[in-house]
Amino acid sequence: MANRNWGFCDLSINSKFELSKLHIMETLGYNTVAINTLVEEPNDEPKKKKKKGEVKEKKDFIPLPIEIPKEISDSTKLNILQRVTIEFSDSSIAHKINHSDNLKKYDIVAVIPKTLQAFQYACGTMDIDLITFEPESRIPFKVSRKLYRQAVERGIFFEIMYSPAIKDSTCRKNIISTAHNYHAVGKSKNIVVTSAAENNTQVRGVHDIINLGFILGLNSTESLEVIRNNTRRLIIKAEGRRCGKHYMTVTTLNETNNERIE
Amino acid sequence: MVRFKHRYITVEIASPLVPDSKPLNLRPKIFHDSVLNKIQQLHGDFGIASIRNGFLTKYCNETTRIALIRARHGPHRFVTSSLPFITKIDKLDVRLNTLHVGATLKHSFKFIQKHQRAYLDSMWSKLKTDEERKQLEMAVMDFKKTDVAINIENIA
């Protein structure tokens, strides 16, 4: 997996994005896209109490990843990954995550911490790849230098999305000030820039993103890193999380390939 | 090591309509908002977004009309550049004079104290009784009336 050409990545595309339009991403210069599934915080606590006496319902709180039709995945050269984003506000989520089978079907796991406690947990102990935020509201806690550094050491990345900033003024302010905050607190280390686009008009070309880095408080090398090097590191780290530490993977080639080699 | 650099901007709110001898009543919240509005006008969303972290205003003293603004180092230029354009706070015509831009609260405070003393000296000559002088000194050197409530989330 590591030796594949990941190139420029957009690690979050909304699940509403029309899959038939994915070829546009290719023309914009991307090599990898990840399709995001958002899992909102379940607030069904009163219901649970009623159900406790009844038969235990085994329902995965994480839905199955969106299926990509074969003809689309065959027709593009894009690497298409699956990503899940989980909202949570305290560490009790860990139990649910451990018992979710569907979670293992995703390539990248991202979280939206809603409280300081959740953020601490996400930076310190949680087994995830990406920490993100909601552009509609300000981050409800203070990002401390210590936690940021801890997250960076554990190889967790921070996400900044740009397509809400194109649409709306409040989102724009929140995103820019969050980016500046990351710059002030952690020197913009381990940041990835994604689109979070809902349709193809909200995606921008690779070079435009690199220029956009100026607004987000990144210098020109950092701007390139956030879309290429950092994303590649993230993908490889996510792979390591799923399979454990490894140096190589062994895959069987199919027969047609074999014949060609002979 | 200083990790989070700030700039403290000391401004004087001059209002020609209100006579010098009377204290200038002002709602600190309105001052806070009018500064932000002006920055939005001049520097747009980017300006607001960049200064919003760690932005803090305090209206310190009604008698000498001193206010203090804290902003992050770097984007504080957005604040200082938009201060001259503030002409109205609520409905009151004002002019803001930037007196001092400092890096630490301590030095800003030292400056303010000096400024207040100078003001006091000039006013004392006009007063007759010692009692009045005492009262004025109390009023000028008082910083306790500041309303911090609007900034609670930014104090850190």
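I take buried to mean under 20% relative accessible area, exposed over 50%, and partly exposed in between (1.4 Å probe, protein chains only).

I am working on a predicted model, where local features need pLDDT of at least 70, side-chain atom pairs count only at pLDDT 80 or more, and totals for chains, interfaces and linings use all residues. Residues are numbered from 1 along each chain as its sequence is written, chains are lettered from A and ligands numbered from 1 in the order in which they are written, and side-chain values use heavy atoms, with hydrogens and water left out.

**Salt bridges.** I counted a side-chain nitrogen of Lys or Arg within 4 Å of a carboxyl oxygen of Asp or Glu. Over all chains, the structure holds 10 salt bridges.

I looked up R83(A) next. Its salt-bridge partner is E159(A), with the closest N and O atoms 3.0 Å apart. R83(A) sits in strand β3 (residues 79–88) of chain A and E159(A) in strand β6 (residues 157–161) of chain A, so the pair ties together parts that are 76 residues apart in sequence. Helices (H or I, at least four residues) and strands (E, at least two) are DSSP runs, numbered from the N terminus. Both R83(A) and E159(A) are buried.

Then I checked K114(A). It forms a salt bridge with E134(A), the closest N and O atoms being 3.5 Å apart. K114(A) lies in the loop between β4 (108–113) and α5 (116–124) of chain A, and E134(A) in the loop between β5 (130–131) and α6 (145–153) of chain A, so the pair ties together parts 20 residues apart in sequence. K114(A) is partly exposed at 28% relative accessible area. E134(A) is also partly exposed, at 25%. A network of salt bridges links E87(A), K114(A) and E134(A).

I also looked at D129(A). R241(A) forms a salt bridge with D129(A), the closest N and O atoms being 2.9 Å apart. R241(A) is in helix α11 (residues 229–243) of chain A, and D129(A) is in the loop between α5 and β5 of chain A, 112 residues apart. D129(A) has 0% relative accessibility, so I log D129(A) as buried.

**Sheet in chain B.** I found an open sheet of four strands, antiparallel, in the order β2-β3-β1-β6. Two strands pair if DSSP finds at least two bridges between them. β2 (56–61) and β6 (95–102) of chain B stand at the edges with a single partner strand each, so one side of each is left without a neighbour in the sheet. Seven bridges join β1 (residues 6–14) of chain B to β6(B). A14(B) has R95(B) as its bridge partner in β6(B).
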